[in-house]
Amino acid sequence: MKTLHIFLFLLVNLLQSLAQEDLDKKVFIFPESSNTSHVLLKPSLAQPLTGFTICLWSYTDMTRAHTLFSYATKTNDNEIVIFKSKPNEYSLYVGTSDVLFIFPEHMTAKPSWEHICMSWESSTGLVEFWLDGQPLPRNGMMKGHRISPEASIVLGQDQDAFGSGFDINQSFVGEIRDVYMWDRVLSENEMCLVWGNSVPPSPVIDWKALNYVIRDYIILKPSLSSVCRAG
């Protein structure tokens with residue numbers, strides 16, 4: 001019996017390691033509004049978070065509000081949420097508070113890939129938002145807060161309960177790629193590295209070694225971000 005338990009333990013660990021996939025030059029496509037379709041991420045978190053940085057690329061022609069990233073805990077379904085309420089507005093939720101970032105509409109005049117990085121640190125409460133490699137004025141919230149590492153992390157839906165409670169009117173339709181998360185605030189130089197497609201060390205969510213589960217109608221395909229040129 002002991003030998004069987006050891007075998008099962010090794011098998012589970014092997015399957016988990018095999019589930020880590022390099023998604024370089026690939027995208028998750030969210031083809032339609034839904035209250036079920038999402039991507040579940042399984043990061044390597046062991047300690048409570050006293051800071052984080054989340055970066056990702058998204059591409060959509062949606063004008064309604066939608067959720068890109070949702071980190072729910074057993075005690076708070078909005079522990080971390082990246083929410084886009086309008087084409088020129090992003091919100092970051094942490095704990096029981098949120099901050100809103102508004103930028104000029106000419107920065108997103110037509111549908112295009114957008115790169116965002118959002119960070120928060122407990123010691124000061126400061127929140128940073130970087131859009132396409134440019135920082136917006138910093139805000140602050142939830143100074144001294146700590147975030148539980150026991151989390152359900154979802155792309156493309158807002159969780160109104162731990163791992164569920166999705167609202168079709170807040171679902172994402174479009175494409176997402178290059179999702180990264182660190183358990184610290186990246187420096188200015190590191191933010192620039194991410195914008196330049198380099199990866200600072202030790203991400204807890206790593207697009208090039210992603211542990212994920214696709215639920216319902218989500219498609220993984222090569223990116224079409226390159227532009228055709230006339231011959």
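Mentor: Strands here are DSSP runs of at least two residues, numbered from the N terminus. Keep in mind that this is a predicted model.

Trainee: In which strand is the place of Asp178?
Mentor: Look at the run covering residues 174-182. Asp178 falls within that run. The strand is S14.

Trainee: Is Asp178 buried or exposed?
Mentor: Its relative accessible area is 14%. Buried means under 20%. Asp178 is therefore under the cut-off, and the word is buried.

Trainee: Over which ring does the charged end of Arg177 sit?
Mentor: Follow Arg177 to its charged end. The distance to the ring centre is 4.5 Å. The ring belongs to Trp57.

Trainee: How many salt bridges does a search of the whole structure find?
Mentor: Side chains of opposite charge can pair when their charged atoms come close. One example is Asp24 with Lys25, at 3.4 Å between the closest N and O atoms. Over the whole structure, the search finds 7.

Trainee: How many residues apart are Lys84 and Glu114?
Mentor: Their side chains meet in a salt bridge of 3.1 Å, N to O. Lys84 is in strand S6 and Glu114 in strand S9, so the pair links distant parts of the chain. Both residues are buried. The separation is 30 residues.

Trainee: In the salt bridge of Arg184, which residue is the partner?
Mentor: Arg184 counts as partly exposed, at 28% relative accessibility. The N to O distance is 2.9 Å, and the partner is Glu190.

Trainee: Are the rings of Tyr180 and Trp182 stacked or edge-to-face?
Mentor: The ring centres lie 5.8 Å apart. The planes are at 20 degrees. Planes under 30 degrees apart count as stacked. So the pair is stacked.

Trainee: Which residues do ring pairs link into a cluster with Tyr90?
Mentor: Start from the count of 10 aromatic pairs. In one of them, Tyr90 and Phe129 have ring centres 5.2 Å apart and planes at 50 degrees, so that pair is tilted. Both of these residues are buried. The cluster joins Tyr90 with Phe101, Phe103 and Phe129.

Notes
Residues are numbered from 1 along each chain as its sequence is written. This is a predicted model: local features need pLDDT of at least 70, side-chain atom pairs count only at pLDDT 80 or more; totals for chains, interfaces and linings use all residues. Side-chain values use heavy atoms; hydrogens and water are left out. Helices (H or I, at least four residues) and strands (E, at least two) are DSSP runs, numbered from the N terminus. Buried means under 20% relative accessible area, exposed over 50%, partly exposed in between (1.4 Å probe, protein chains only). A salt bridge is a side-chain nitrogen of Lys or Arg within 4 Å of a carboxyl oxygen of Asp or Glu. Rings of Phe, Tyr and Trp (its six-membered ring) pair if their centres lie within 6.5 Å; planes under 30 degrees apart count as stacked, over 60 as edge-to-face and the rest as tilted. A charge sits over a ring if NZ of Lys or CZ of Arg is within 6 Å of the ring centre and within 35 degrees of the ring normal.
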